[in-house]
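Keep the model in view while reading.

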Amino acid sequence: MRKLNSKRLGHHIRNLLGMITSVFIAFFIVYKAFNLQINFYSMILNIISCFLGIGIYLSIIFIIYSKGGHFADNFKIVFDAIDKISDGDFSVFIDSSKYKHNRHNHIMNVLAQKVNDMAKQLSTMEMMRQDFVSNVSHEIQSPLTSIQGFAILLKNDNLSKEDKKAYLEIIDTETKRLSKLSNNLLKLSALDSGAKELQIKTYDLANQLRNVILFLEPQWSKKNIEFEIECQKTNVNVDEELMSEVWINLLSNGIKFTPDDGKMYVSVKRESKNIQVTIRDSGIGIKEEEQKRIFERFYMADKSRKRELGGNGLGLSIVKKIIDLHGGSIRVESETNRGAAFIVSLLAEI
Ligand SMILES: Nc1ncnc2c1ncn2[C@@H]1O[C@H](COP(=O)(O)OP(=O)(O)O)[C@@H](O)[C@H]1O
Ligand SMILES: [Mg+2]
């Protein structure tokens, strides 16, 4: 219990006297106003209730002094933690275990845990933000370095025609990579912020898949990849443009990782209210530990090799985001060097 100091005691005696005086003044006013005939018993009753009031008042002062100081200290710990969080320090942790077994401190325990949870979540988000910024910077920096390097080499008048052509080819590829990166970042940000509303319409999914395969012909015919297609007319109720983005990403990945003369399989199947699209390739496959991470932003299983193939690790995160927005799901089945199958499930009606 905290000690009463003289200043606080004086304050409470003043309050007490104030209260007693007000009670008597109130009595007097009521008595005069209604000219009540107060008998002896009612006078006694009033005096008793007056003492009762004084007793309650003193008990409240006692409780405030014995518990209030303690509560105030605990609240200060919480407020200080929130202050630190608002200043960007997410390492805050309040030891809530000391409040656990005390019934009166239950609210403090809950508050402390909430503050700790908030600090933890903000810290995770801050780490993700920093990772994102460093990934974007890296993805911008490497093509720029290469463009700059080959531009300098091109200044040499003694270069052969073939060398010039090869250097210009590299500059062209790297510029396209930069443009793809900025496009993908814009797409992700629009999908994240919800700025892009889904334009739901009903159309035939099999037809859309065939068109996308046709659109990608320059990529697969160059590698002499053979397609097996098992798609019957299946109406879906989704955003056509976004869904086309999904198939382009999945099919391009399949083509990219499949060797020359390889095979790819595409199917659309409907089971009651569920539509399943499978895109399978006969490429390098994805290791089990990598399968969990491939939908993360900027994740590339083998960075050096993927850079040669022109990726930036955003395609599958865009795919996942679009599927999630439609309430569907996507999973991968694969074994190293035995190809990969991406299976998308969509609701027939959303
Ligand atoms: N069909 C596939 N076969 C093998 N690996 C794949 C396949 N699809 C995706 N991956 C792996 O997942 C990573 C992320 O894919 P994605 O987000 O599309 O990025 P990107 O194609 O730009 O590298 C790829 O870098 C690759 O390691
Ligand atoms: Mg990709």
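This is a predicted model: local features need pLDDT of at least 70, side-chain atom pairs count only at pLDDT 80 or more; totals for chains, interfaces and linings use all residues.

- The side chains of E245 and K187 meet in a salt bridge, at 2.8 Å from N to O.
- E245 sits in helix α7, which spans residues 240-257.
- K187 belongs to helix α4, residues 161-193.
- The two partners are 58 residues apart, so the pair links distant parts of the chain.
- K187 is partly exposed, because its relative accessible area is 30%, between the 20% and 50% limits.

**A bridge within one helix**
- D324 and K320 form a salt bridge through their side chains, with 3.1 Å from N to O.
- Both residues lie in helix α10, residues 315-325.
- They are 4 residues apart, about one turn of the helix.
- D324 has 41% relative accessibility and therefore counts as partly exposed.
- K320 is also partly exposed, with a relative accessible area of 30%.

**A further pair and a network**
- E335 and R338 meet in a salt bridge between their side chains, with an N to O distance of 3.9 Å.
- That distance qualifies because the cut-off is 4 Å.
- R338 counts as exposed, because its relative accessibility is 67% and the limit is 50%.
- A network of salt bridges links D192, R297 and K321.

**A buried glutamate with no salt bridge**
- E290 is placed in helix α8, residues 288-291.
- E290 is buried, yet has no salt bridge.
- How far away is the nearest side chain of opposite charge to E290? That side chain is K287, and the distance is 4.2 Å.
- Leaving aside neighbours within four places in sequence, E290 is in contact with Y299 and A301.

**A nonpolar patch on the surface**
- F75, F79, I82 and M118 form a nonpolar patch on the surface.
- Together these residues have about 350 Å² of accessible area.
- Helix α2, residues 40-86, supplies the largest share of the patch, with 3 residues.
- F75 is found in helix α2.
- F75 is partly exposed, with a relative accessible area of 31%. Patch members need over 30%, so F75 passes that cut-off.

Conventions:
Residues are numbered from 1 along each chain as its sequence is written. Chains are lettered from A and ligands numbered from 1 in the order in which they are written. Side-chain values use heavy atoms; hydrogens and water are left out. Helices (H or I, at least four residues) and strands (E, at least two) are DSSP runs, numbered from the N terminus. Buried means under 20% relative accessible area, exposed over 50%, partly exposed in between (1.4 Å probe, protein chains only). Lys and Arg count as positive and Asp and Glu as negative; His and the chain ends are not counted. Contact means heavy atoms within 4.5 Å. Patches are made of residues with over 30% relative accessible area and no salt bridge: like charges are joined within 9 Å, nonpolar side chains (Val, Leu, Ile, Met, Phe, Trp, Tyr) within 5 Å. Accessible areas come from the Shrake-Rupley method with a 1.4 Å probe; for residues, only the protein chains shown count as cover.
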